[in-house]
Amino acid sequence: MSLHSIRPWRDIPRRKSRQIMVGNVPVGGDAPITVQTMTNTLTTDIAATIAQVQAAADAGADIVRVSVPDEDSSKALREIVPEVSVPIVADIHFHYKRGIEAAEAGAACLRINPGNIGDEKRVREVIKAARDHNCSIRIGVNAGSLERHLLEKYGEPCPDAMVESGLDHIKILQDNDFHEFKISCKASDVFMAAAAYQQLADATDAPIHLGITEAGGLMSGTIKSAIGLGNLLWSGIGDTIRVSLSADPVEEVKVGYEILKSLGLRHRGVNIISCPSCARQGFDVIKTVETLEKRLEHIKTPMSLSIIGCVVNGPGEALMTDVGFTGGGAGFGMVYLAGKQSHKLGNEGMIDHIVEQVEERAAQIEAEAVKAAE
């Protein structure tokens, strides 16, 4: 049997990296690329933070980061960690003692910023706490908070400065025989971030956390992240991602998955293929898709649904999807199941019927997976 892909233009050879654990979630190596987000509640508001973490987990987040700006926040982690279903990363800036406290409180990973965590002695204390409490560490380099000596050396934030910062701190961890770490080098400038990540990928085998920091609001931030992260993921770089949006963390998770789905790197839920609609449409495509996106959020099974307004491309798209609906005439369209014409359907009851068909197909896919595993 040939080992060559039948669609080589879709192949993305991933960069080889070491694998570490963030709680019970593997990151790097041959593990799936994980999706992260970060809470924006006050960490000391324990109930609100737990609710936001769980909402993100329900949306598909594998890992959630929580800011730990003060001692009360690190104490709050003791109550938050046992109540959530995903590993918690403690976001540490300026106060190295918060990192120690967070490790003691049950955080699965400590995110430290080389530009503001302090001298090497303080970093060593954080390393000891991480080792003692089975935490991993993320070295989080950010173009907006580089060390002063690097800014003096390079004159301004740039990829070389970011990578040098990251490698300096990798050396500290390795010199202390600590290897459970991943690294990021984020910038709000897509060009700078991409160049830094490309250099970093060549310089270390550590798992890489991808992100375009401070990307903006839901619309602009999604586009900027899709360009920056998509470019890197397409080239095989990236083991875990966070889309940074001035929006609900659930939206970050959704966008992250859509980026991965578009590249065939990770699949979760229903991938809706739909047309932009035009005068040929046999039903209101835009309103239908908006409704279906909400009605199908509960489906976690990877599958595809085509919603096409007319017969120009509808039948062809439906041949490649699990469930499809193509608009026709006189208020009726055609339902396709597993790529084959199945039955006509009136526009009036189409949404409820399509949801039922998707749910049935999802159950069938899950049953087939269980049978195959047995």
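1. Two strands are taken to pair if DSSP finds at least two bridges between them. In this predicted model, pairing of this kind gives an open sheet of eight strands with parallel pairing, in the order β8-β7-β6-β5-β4-β3-β10-β9. The edges of the sheet are β8 (181-186) and β9 (209-210), each of which pairs on one side only.

2. Within the sheet, strands β5 (residues 88-92) and β6 (residues 109-112) run parallel and are joined by four bridges. Isoleucine 92 has isoleucine 112 of β6 opposite to it.

3. Helix α6 (residues 159-175) lies across β7 (136-142) and β8, and runs at about 155 degrees to β7.

4. How many aromatic pairs does a search of the whole structure find? The search finds one. It is formed by phenylalanine 283 and phenylalanine 325 in an edge-to-face arrangement, with 5.3 Å centre to centre and 65 degrees between the planes. Because phenylalanine 283 belongs to the loop between β11 (270-274) and α10 (285-295), and phenylalanine 325 to strand β13 (residues 323-327), the pair ties together parts that are 42 residues apart in sequence.

5. Are the two partners buried or exposed? Buried means under 20% relative accessible area. Phenylalanine 283 has 7% relative accessibility and therefore counts as buried; phenylalanine 325, at 0%, counts as buried too.

6. Charged groups also sit over aromatic rings. The charged end of arginine 18 is placed over the ring of phenylalanine 181, 4.8 Å from its centre. The charged end of arginine 268 sits over the ring of tyrosine 257, at 5.8 Å from the ring centre.

Notes. Residues numbered from 1 in each chain as written. Predicted model: local features only at pLDDT ≥ 70, side-chain atom pairs only at ≥ 80, totals over all residues. Heavy atoms only, no water. Helix = DSSP H or I, 4+ residues; strand = E, 2+ residues; numbered from the N terminus. Contact = heavy atoms within 4.5 Å. Axes fitted to C-alpha atoms, helices over the stretch in contact; angles between N-to-C directions. Phe/Tyr/Trp six-rings, centres within 6.5 Å; stacked < 30°, edge-to-face > 60°. Buried < 20%, exposed > 50% of the residue type's maximum accessible area, 1.4 Å probe, protein only. Lys NZ or Arg CZ within 6 Å of the ring centre and 35° of its normal.
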